[in-house]
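Please consult the sequence and coordinates shown below.

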Amino acid sequence: MKNQKIYFLLFLLLYFFNTKITAQTYKIEGIVIDSVTNQPLPFVNIIYNKNKEGFISNIDGGFDIENAEKVDFLQFSYLGYENKFLGKKTLERNKKLVVKLKPKVFDIDEITVFAKENPAHRIIKKVVENSNLNKPENLEFYSYTAYNKSVFTFNLDEALQEAQEKKQNIDSILLDSSYIKARKIIDSLYFFMMESISERKFKKPDKLNEKIIASKVSGLKNTSFFMLATQIQSLSFYDEMITIANSRYVNPISKGSTNRYFFNIEDTTFTERGDSIFIISYKPKRGKNFEGLEGVLSINTFNYAIQNVIAKPIDNEGFISAEIHQKYELIDNKYWFPSELNTKMILLNLVAQAGSLPLKMNWLSKSYIYNIKINEEIDKKEFSLAQLEIDKNANNKDSIFWNANRHQLLDKKENNTYRLIDSIGKKENLDLKVKLMQNLGKGYFPISVIDLNLSQLISTNPFEKFRLGVGFKTNDKISSHFSLAFYSAYGFGDKEWKYGSELNLKLYKKRDLNLAFSYKNDLIESGGYSFAEKLNQNSTEVYRKYLIKDMTYEQNYTIKLHFLATKKLQINLSAQKLKNTISKENTYLFSPTSLSSIPNYSFAETNLQLRYAPKEQKAYIDNEYVALENYTSPIFLVNVIKSYPLYGGNFDYFKTEAKLNLSFLTKALGKTNLQFTTAKIWGDAPYFKLYNGHESYSNFSIEAANSFTTMRMGEFLSSEFFTVYFRQDFGSLLLKTSKFKPKIVLVNNFTIGKLSNANFHSNISFKTLEKGYFESGIIANNLIQQFKIIGYGFGVFYRYGYYKFEKTRDNFAFRFSITFDL
């Protein structure tokens with residue numbers, strides 16, 4: 001009995017002790033939102049005592065304080081919003097707070113004048129000085145796991161706010177039956193949702209691999225098509241230029257940024273470990289014209305590192321309005337590393353109506369980074385040829401896996417999205433429709449077991465006038481290990497049929513190893529050349545093929561081996577037997593000294609093609625490699641061609657051809673493109689195997705980049721040449737108003753060459769390039785814009801130097817331009 005009393009007293013003592021401890025350490029948690037739009041506010045500054053100690057809300061506006069005893073009050077401050085104060089007595093225990101901040105109303109722009117140097121400049125310069133220390137890409141190794149989630153939705157509260165600012169009748173909108181119906185749908189589900197979990201590994205200087213180990217997309221079973229959408233913003237905010245939605249902007253944390261940006265210290269708080277956090281707003285200075293950002297930086301004085309950042313383009317010119325948020329975490333009390341990334345994009349061209357209220361589609365993307373490991377050695381075998389790849393079982397993860405790996409469990413709205421959109425996807429066979437979109441993007445239209453080649457349907461050029469044809473290849477429904485292709489076309493100008501076929505064996509997909517056997521009876525450009533490259537469809541360079549006048553008929557039997565030797569080097573090896581025929585109207589004769597003339601132009605050639613892109617990043621998706629960026633620099637391209645007097649070939653020569661593409665951005669000048677091309681032939685060959693001037697002159701027509709706009713078609717012929725194409729794209733840096741934003745491009749082109757044994761070529765008119773050919777031009781793109789994607793412009797070019805014409809007007813060429821902002 002005595003022992004029972006003792007145990008009872010001990011129980012009571014422990015109970016009251018535990019109750020007291022619990023009372024002292026109760027938790028305060030909550031979320032900060034916009035009082036108008038009800039959207040979470042990231043990185044709100046929160047102070048909880050008179051010593052200005054505090055913290056910052058997370059990227060989703062959330063906050064929590066484990067030990068509430070240290071809290072005297074909560075004071076919330078956020079740029080563009082009124083401050084809010086909550087006394088300790090108003091803080092309810094164990095109840096999640098919802099703190100609503102009211103946006104400020106600004107009548108005029110605020111102007112801050114500093115007697116001496118702006119005090120924010122000292123902090124920003126410190127951050128720039130420490131950028132190499134804090135930049136993740138300067139670590140020897142890092143690895144992490146990321147949970148990514150994206151949704152597409154309409155934000156009714158933002159739309160109502162815009163309507164109110166435009167003095168629309170809000171009451172009538174709220175009573176509209178279309179609005180009520182839209183509100184019910186939008187509040188219950190998203191229009192589209194996708195999730196992924198990826199593992200990323202990095203080894204200095206440039207070894208990178210990200211593997212998507214799980215993926216889930218509403219309405220779809222095959223999710224690989226959408227996984228590239230996770231690559232929206234830069235991983236960190238320390239590069240000189242920052243990427244947002246495939247556009248590049250001058251970083252406020254970069255050399256010379258204090259000359260371009262206005263910085264202002266909005267607030268200061270202190271951490272428990274004694275570090276200061278400076279809340280600094282930034283925006284481009286008045287009168288400065290560059291691709292700039294505006295937003296807020298939270299700078300921690302430990303290593304003067306970015307702790308949080310909000311950034312959005314100062315001028316959203318395209319069809320996307322974007323804003324990014326980044327949060328950094330101190331790892332091992334030593335390294336700052338990104339832990340959360342948010343992107344909000346408003347798709348300005350996707351507009352729906354809820355009665356009289358226009359609704360813009362919002363794309364909200366979030367990444368939560370965890371399992372961060374710094375400078376733990378990673379074996380080189382962990383890195384493959386692709387920087388991004390998808391695990392073959394990524395689509396097959398069950399709910400147990402997802403619930404264990406999500407940042408937080410799905411809410412009712414998210415579960416509704418999967419349930420409803422999945423049922424629609426099954427009913428409407430959305431996987432088939434997405435597959436159709438993928439094929440259309442590659443230029444094919446699938447019809448059962450074959451894919452129709454859309455590029456073969458219709459074409460035009462001055463030689464054929466109008467070309468109509470059909471082409472197809474077998475798809476994976478027949479076999480994923482080989483494909484058989486065929487095409488046939490008719491030219492209405494030359495009144496001739498062209499046709500060809502190819503058998504492609506896919507030997508080893510991970511190395512992109514293919515062996516192809518092909519036959520063609522078609523046309524080639526006389527004096528043209530090509531490399532192992534696909535021209536960027538956003539470049540105007542692709543338009544030149546529509547201007548070619550001089551062509552030669554060619555029968556071509558080819559065996560070709562294609563593979564990736566390394567992640568940066570692509571190799572093509574081929575052997576071909578060729579027979580060329582000149583058009584009936586062309587009376588050209590090739591008469592080398594040893595022979596009177598050669599009527600039969602037959603060739604036996606081998607060809608080595610190299611493509612080396614040291615900075616290119618690729619994704620391996622659906623058993624093929626896809627470039628992760630539209631533009632990569634540098635790119636080296638080489639052709640080595642040997643013709644043999646064997647197997648029916650009549651010519652013995654050796655050719656080398658090379659091209660170097662350089663592209664880089666500068667803060668003040670925009671984008672610079674340089675292309676160097678050179679070639680030489682040793683031995684004698686007919687003119688169509690030599691080199692034309694890569695000209696593109698025509699009466700007022702479309703501008704084609706990296707060609708000579710003022711040079712007449714077939715005007716020059718060379719056996720060796722060297723060419724430089726220079727384009728300086730200023731974008732809108734030189735001229736910009738609120739409604740008129742032309743994009744100015746300066747062009748300077750130069751070529752020099754010579755022709756050996758010019759007397760071997762009869763009944764053909766040509767000049768040679770020993771004196772050097774010069775032309776310059778200016779293009780004003782985007783004078784007229786359509787759908788915020790297509791731009792129409794105008795350019796003028798002038799030739800000068802030794803080869804200029806006597807009549808001044810003949811030296812000019814005028815062009816219209818078409819550009820795509822994708």
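Which residues does Lys618 touch, not counting residues up to four places away in sequence?

## Basis of the values

This is a predicted model, in which local features need pLDDT of at least 70 and side-chain atom pairs count only at pLDDT 80 or more, while totals for chains, interfaces and linings use all residues. Residues are numbered from 1 along each chain as its sequence is written, and side-chain values use heavy atoms, with hydrogens and water left out.

## Surroundings of Lys618

Lys618 touches Leu385, Ala386, Gln387, Leu388, Leu564, Lys567, Tyr625, Val626, Ala627 and Leu628 (contact: heavy atoms within 4.5 Å). Lys618 lies in strand E32 (residues 618-621); strands are DSSP runs of E with at least two residues, numbered from the N terminus. With a relative accessible area of 8%, Lys618 is buried (under 20%; exposed is over 50%, partly exposed in between; 1.4 Å probe, protein chains only).

## A three-stranded sheet

Three strands in the order E4-E1-E7 form an open sheet with mixed pairing; pairing requires at least two DSSP bridges between two strands. Strands E4 (62-65) and E7 (97-101) are the edge strands, each pairing on one side only. Strand E1 (residues 28-34) runs antiparallel to E4, joined by four bridges, and Ile28 stands opposite Ile65 in E4.

## Leu735

Leu735 is located in the loop between strand E40 (720-731) and strand E41 (743-754). Leu735 counts as partly exposed because its relative accessibility is 38%.
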